[in-house]
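I opened my notebook to get to know this structure.

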Amino acid sequence: MTLRPLGAAPEKCMIGGRWISPANNECLSLINPSDGSVLCDIAKGSKEDIDQAVFAAESALQGIWGKTTAAERGRILARLGHLVLEHKDELATLEAQDVGKPYKQARADVLALARYMEFYAGAADKLHGETIPYLDGYTVYTLREPHGVTGHIIPWNYPMQIIGRSVGAALATGNACVLKPAEEACLTALAFAELANKAGLPDGALNVVPGLGSEAGAALTRHKGVHHISFTGSVEVGKLIQRTAADNVVPVTLELGGKSPQVVFEDADLDASLPFLVNAGIQNAGQTCSASSRILVHQSLYEEVVVKMAKRYNALQAGPAMDDWDVGPLVSHRQKQLVEGFLAKGEELELVGRGKILEDAPSGGAYVAPSLFAGVHPDHILAQDEIFGPVQVVIPFQDEDEAVAIANGTNFGLVASCWTTDGARQMRMAKKLRAGQVFLNNYGAGGGVELPFGGTGLSGHGREKGFEALYGFTTLKTVAALHG
Ligand code: NAI
Ligand code: MG
């Protein structure tokens, strides 16, 4: 089937501003997880294509892109943001069909991508070095310079949002990017590359090579011409990337997901918290790095929270992405099997709520019924491992110390939230919770592009989003002039 997302050629790679067939002329099929049909063929990029893409990026840095001022980079990103908004319906449709996420959520992701372009457009000319008071006769200052060629290996769960936060910040600071989207979902990455051309981004500043992680992804990670790697995905591959990058002594930013808790204290505003408790677990069918998969509840409210959450779960419906049900399919049958494997390990647990898969949902779709477990021991595998599906566990606690111990009691540390009307407790919890982002009386703060994001522990390291990302995508040079 031929699909031309906004004019892009999915069976090709975007290299040096042109659509180029992969060196080996091989393709992969992109599947629509709502019904199992083939959406289109995509390029199966290999080492040769990555070599070409890195060469194109280097050439861009030597050429027009390397000479483009910060203000002009900002203008290009602003135009790109406008184009994203102009094409919001097409982009949302592509993302919904490709990832399987409900259309409304895909629309929100388009707006986020546009916001990233706007934010980094505005920030491009506001990042600067400093002058440092030093010895008599010296003038010392710092320069913020791009790394050079940056590699971006992104997953399938939020392609547009992750392109926005990582490629947006890298381009704003003058890097030239090679993007390897996920083999499960890459249509919006290709459409974005086409829009970047239309926005006037110089050739080679953004190159996109679809393909397998083990081939194109591994080749990008190993490439000696790559000066920084930004990766979002599994812990397993994150470790591999950090090890490989060590051979070239290249900095990496790793965002590897989590097991993020919401802690509900006895004085919480329960009505305010309930929508967040469930939505943060089922958004994008739970395939969200910052999904809240653990709900910790003070014993005094425990029964009430379980009953109310279960009621919501029992009303949830899973169905095709374009029809906008509460939950879409998982991205693939492989992901469905992974999640079902976890559900099998929860068989002895108390299943208190279960959503429904629409009766007439296409049989080829990768649907999993949302599942809520209660009374789960904090050490149980369902309370420890990232499931990446619409599954939440509820865990009771007795006091603040125990809540902190359970909340911090996994190997992850991406996001955490705390529901309490006690101001002093809010401040204590914000300090005690081990996470890159802490939310007080909310969860996710609407996903703001302005808010630095990243993890500790197995959730990874480095920060993307917000102004902070600009530091990560630059390197600092100190200049000391002795002039007497
Ligand atoms: P993955 O980590 O294998 O894939 C993410 C990206 O890495 C894709 O672009 C893939 O092609 C690439 N990749 C895979 N192997 C590579 C290699 N050897 N070298 C370089 N790049 C490579 O994730 P996968 O297999 O799709 O999902 C497995 C689990 O990972 C999920 O169940 C979930 O727990 C976690 N995950 C977390 C994400 C997050 O947002 N933090 C996103 C996706 C997955
Ligand atoms: Mg994998």
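How many positive and negative side chains does the protein chain have, and how far apart do the centres of the two sets lie? I note first that this is a predicted model. I found 41 positive and 54 negative side chains in the protein chain. The centres of the two sets lie 4 Å apart.

Next, the fold. I looked up 16 helices and 22 strands in the protein chain. The radius of gyration is 23 Å, close to the 23 Å from the globule rule for 484 residues, so the chain is as compact as a globular protein of that length. Along the principal axes, the C-alpha atoms fill a box of roughly 70 × 65 × 40 Å.

I took the contacts with a separation of 6 or more, and 74% of them join residues 24 or more positions apart. The accessible surface is about 18,800 Å². Carbon and sulfur atoms hold 53% of that surface.

Last, helix 15. I picked this helix, residues 423-432, and asked which of its residues are buried. Arg425, Gln426 and Met429 are. They cover an arc of only 105 degrees around the axis, so they sit on the same side of helix 15. I recalled the general rule: an α-helix has 3.6 residues a turn, so residues three or four places apart point the same way.

What do the buried residues of helix 15 pack against? I listed strand 12 (260-264), helix 14 (400-407), strand 19 (415-419) and strand 20 (437-440).

Methods:
Residues numbered from 1 in each chain as written. Chains lettered and ligands numbered in written order. Predicted model: local features only at pLDDT ≥ 70, side-chain atom pairs only at ≥ 80, totals over all residues. Heavy atoms only, no water. Helix = DSSP H or I, 4+ residues; strand = E, 2+ residues; numbered from the N terminus. Rg over C-alpha atoms; globule rule 2.2 N^0.38 Å. Contact = heavy atoms within 4.5 Å. Areas by Shrake-Rupley, 256 points an atom, 1.4 Å probe, with all protein chains shown as cover. Lys, Arg positive; Asp, Glu negative; His and termini not counted. Charge placed at Lys NZ, Arg CZ, Asp CG, Glu CD. Buried < 20%, exposed > 50% of the residue type's maximum accessible area, 1.4 Å probe, protein only. Arc of directions from axis to C-beta.
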